[in-house]
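Please examine the sequence and the structure shown below before reading on.

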Amino acid sequence: MTSTAADVVAHLRASFRTGRTKPVTWRNDQLEALRTLLTENAGTFVKALHSDIGKSEAEAQRTEIGFLVREIDHTVEHLDGWLAPEDAPLPAALLPAQGRVVREPLGVVLVIGPWNYPLHLVIAPLIGALAAGNCAVLKPSELAPATSAAIARLVPQYLDTEAVAVVEGAIPETTALLEQRFDHIFYTGNGTVGRIVMTAAAKHLTPVALELGGKSPAVVEPGVDLAVVAERIVRGKFLNAGQTCVAPDYVLAIGDTAKEIEPHLITAVRALYGENPATSPEYGRVIATRHFDRLAALLGDGRTVIGGGSDRDSRYIAPTVLADVDPEAPVMRDEIFGPILPIVSVPDLDAAIEFITGRDKPLALYAFTESEDTKQRLLSETSSGALGFGLPLAHLTASDLPFGGVGESGMGRYHGKYSIDTFSHLKAVLDKPLS
């Protein structure tokens, strides 16, 4: 008999109430089991990720499996310290007394994963949920069916089935899950679905973390080494065929750099993927035909510097750079989330800051500059989920940096200790003697 969403949540809630997930030994055991799941089945996941989204083995190991193993190792190493009660100073009027902050697990949490990193972005939140002592329901993306099936098959073989459940399916299954009361919901995806998740959560006053996206600019200032800049932007942009939430969405080129960077971008694309990226084993594909059609419609929004080719049957869109792009063109309206890189020209830093602040706050802002004054102005005069100087995407790999958005790019944060805080209640404790 198939369990309903209500049955799954009720079972986990009853399990949580027994206290089985609270001991630190249980948490460490689950994290070690999760590590074993990933390492023993790396080949299975590599094949699934290639089937779903065309990821190469090297990219799957680097951005999905390897990332998760490192995050688990970092968490296990520091968990005792992160969970230790923190002394809190008290006002003189309350003395003698002691104050401290204690982290306690929330209960049963829901993790809804996306399709672009269908292993990484389901398991990374789970690491924090388990480390914080919670039960969890995982909902992998139905748009990555091979990876979803692998997660659903393997998780029960390695993790505590009284504490972790996997629910596969599409909109009906997700809707049924969202009707249940959870103690936290962690969603990665787009703002449209994020609003649906938040609306459902509000009915139960359930806290949410929404890891969304947005148009992350890459500001390029005159005077920088454009060959280095182009190589770093191309690697960050076209990883996973551009389907990365923190990929540079567009180049915001100041002054003459718009024209000057073009040949360097051509060189960088060819160096990374060859003359024909369609034959490169390192270049992926667009996840689905409807996403291909959306992206293909944007290919004419400017002058093609390199790329522009596509094949609907294989969902291939070449790594494409567009120049002379109108800021009001369709390609500049919404997050591209694909292998198309527009170049927008602005006359100076003031105009660049005005351009950025006049739009929704992005998940990341990148800048390539040798000026400390420019760095300080971007830090103080713009708002974004993260700010990276000199290298896109890198902040995502640092476990001691919080990862999350602001405004339209999301809310909440995770990785490392920030995951523990997200999946814990920080309880205030005051202890005053009776005599």
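## Basis of the model

The model is predicted: local features need pLDDT of at least 70, side-chain atom pairs count only at pLDDT 80 or more, and totals for chains, interfaces and linings use all residues. Residues are numbered from 1 along each chain as its sequence is written, and side-chain values use heavy atoms, with hydrogens and water left out.

## Overall architecture

The chain contains 15 helices and 18 strands; these are DSSP runs numbered from the N terminus, with helices (H or I) of at least four residues and strands (E) of at least two. Its radius of gyration, taken over C-alpha atoms, is 23 Å, close to the 22 Å given by the globule rule for 435 residues, so the chain is as compact as a globular protein of that length. The rule is 2.2 Å times the number of residues to the power 0.38. Along its principal axes, the C-alpha trace spans about 75 × 60 × 35 Å.

Among contacts (heavy atoms within 4.5 Å) with a separation of 6 or more, 72% are between residues 24 or more positions apart.

Lys 215 is placed in the loop between strand E7 (208-211) and strand E8 (217-220). With 14% relative accessibility, Lys 215 counts as buried.

Its side chain forms a polar contact of 2.5 Å with that of Asp 249. A polar contact is a pair of N or O atoms within 3.5 Å; within protein, one must be able to donate a hydrogen and the other to accept it, and residues adjacent in sequence count only if both atoms are side-chain atoms. A polar atom of the Lys 215 side chain also lies 3.0 Å from the backbone oxygen of Val 331.

## The surroundings of Gly 338

Gly 338 lies in the loop between strand E13 (320-323) and strand E14 (340-346). Gly 338 is buried, at 0% relative accessible area. Its C-alpha atom is separated by 4.1 Å from that of Gly 242, 96 residues away along the chain.

Technical notes. Buried < 20%, exposed > 50% of the residue type's maximum accessible area, 1.4 Å probe, protein only.
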